[in-house]
Amino acid sequence: MTPTLARQTVLRRNYLSALENVAQAVGTMGPAATLGTVIPLLIGKTGNGTWLLFLGILGVFILISININVFASRFASAGSLSSYAEKGLGGWPAILTGWSYIVAMTFIVTSSVVASAYYLAMVMAHFTHRPLGKPGSILLTVLVVGLAWLPAYRDIKLSTKVLLCTEAVSVSVIVSILGIAMARSGRVVDQAQLHLAGAGFPQFKMGLVLAFMMLAGFESATTLGEEAQSATRNIPRVMFFCLLPIGLLFIASIYSTTALSHSQNLGFDQTNAPLDLIARSIDLPALGWISSLGVALSCFGCALGGLNAGARVIFSMARERLFPPFFAAIHPVNETPSRALLVMVSVALIIPVLLIANGVAMANAMDYLMQIASFGFLGGYLSVCVAAPFYLARRRALTAVQLLVAMITLLVIGAVLFLSLIPIPSAPWRYLPYLFAGLVLLGTLGSGYFRRRTPVPNGL
């Protein structure tokens, strides 16, 4: 490889600290958005057994992280799950995994920018007492995309600092609201939850996919592998120390929010701003719009984290001749994958604008987009869990424990995927799996074409 080509296609080495990797993972997970919107919605579906369902999901994600760490502890790559699948399963499975993960990150970004704009519009409506309207919603969405692109384009360190600040502020606000509400309710012990009143398999099934998505994105720190300091040591630690504290925070929040729904007689399934409902129930309505602002900031951070991760996977695949080679370039000054970012940003602009312009409500749009992203995450995790034992076996390092971990994880992910498809949901939900499959198939065929048509650079 020539020196010029090396500079153009190599990310900045040993640039990011462990804390900055944490910021990327936490930002993509969007814990404040989960606290403020997903958890109340999940409680509306699952009821008093929500905490138990999520505890099981947390255990599954720890198993997923063990499978991912088989690779992350041995080598670093911007390709993340795609590169891991290639090491364990070979070329075509790696391409499928790469496209599954690109679709996941792309639709996480699109869903997050719509959600951020939606909650910003709610904050504005609090003061103007009028809805934003279709043109205003489109303009606000475009603004969110532009603001998310800027730090991702300028510097990955800047991105991680923005992510850390937005999540720290947002989580602090939402935890404060829940803490004040619990203190005022005077109801610390909630017998209905402890006895799982009304909980059962039908309720768990309704909330399974939603609960699974609460922790998705924790592995996005692996996309910074080429830029991280001591990547094979730090990134596995980062994933575990993101999963466990955030998981415990979510369990505490689930318990508190469910207890408040009992003590204050709140119906979370009938509102898109559950924290506003909680704030009003304790006679602190000002905290309602502040919580909506916190959720908007968290969704913005999730979009930024998704841009960072998705662009690096696209960049890595372009470098491997699985994407147009034009996108395998690094900005000469910022040393970010600026061209790959352009792909992510373009999609993040086009899809939400088309949906809103065609009359799809923003609340519905972000749900549809999130559902498509969930298939991408499930596919990516499934591939890595299949790849891990094969990779270890070839290295003569496979143990019975590791094989058992992979098998249990595969069974659970398979069950989640099956239950997300069966029974067949109503339209338009029934078409979303086909849309996801079509996107991955088109991407895979395109990668096959580029691999055949793109010459191998001299020196490789």
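**Aromatic pairs and a buried serine**

Phe-327 comes out buried in this predicted model, with a relative accessible area of 15%, which puts Phe-327 under the 20% cut-off. Phe-323 is buried too, at 9% relative accessibility.

On to the rings in general. A pair of aromatic rings is described by the distance of the centres and the angle of the planes. By the pairing rule, the count comes to 22 aromatic pairs. One of them joins Trp-149 and Tyr-153, and this pair is stacked, at 4.8 Å centre to centre with 20° between the planes. Both residues belong to helix H7 (residues 133-154), where they sit 4 residues apart, or about one turn of the helix. Trp-149 is partly exposed, its relative accessible area being 29%, and Tyr-153 also counts as partly exposed, at 21%. Back with the two phenylalanines, the ring centres of Phe-323 and Phe-327 are 5.4 Å apart and the planes are at 70°, so this pair is edge-to-face. Elsewhere, Phe-61, Tyr-101, Phe-212, Phe-218, Phe-377 and Tyr-381 make up one aromatic cluster.

The charged end of Lys-157 sits over the ring of Tyr-15, 5.0 Å from its centre. For Arg-451, the charged end sits over the ring of Trp-92, again with 5.0 Å to the ring centre.

Finally, a look at a serine. Ser-261 is found in helix H11 (residues 231-263) and, at 11% relative accessibility, counts as buried. Leaving aside residues up to four places away in sequence, Ser-261 touches Leu-266 and Phe-268.

Technical notes: Residues are numbered from 1 along each chain as its sequence is written. This is a predicted model: local features need pLDDT of at least 70, side-chain atom pairs count only at pLDDT 80 or more; totals for chains, interfaces and linings use all residues. Side-chain values use heavy atoms; hydrogens and water are left out. Helices (H or I, at least four residues) and strands (E, at least two) are DSSP runs, numbered from the N terminus. Buried means under 20% relative accessible area, exposed over 50%, partly exposed in between (1.4 Å probe, protein chains only). Contact means heavy atoms within 4.5 Å. Rings of Phe, Tyr and Trp (its six-membered ring) pair if their centres lie within 6.5 Å; planes under 30 degrees apart count as stacked, over 60 as edge-to-face and the rest as tilted. A charge sits over a ring if NZ of Lys or CZ of Arg is within 6 Å of the ring centre and within 35 degrees of the ring normal.
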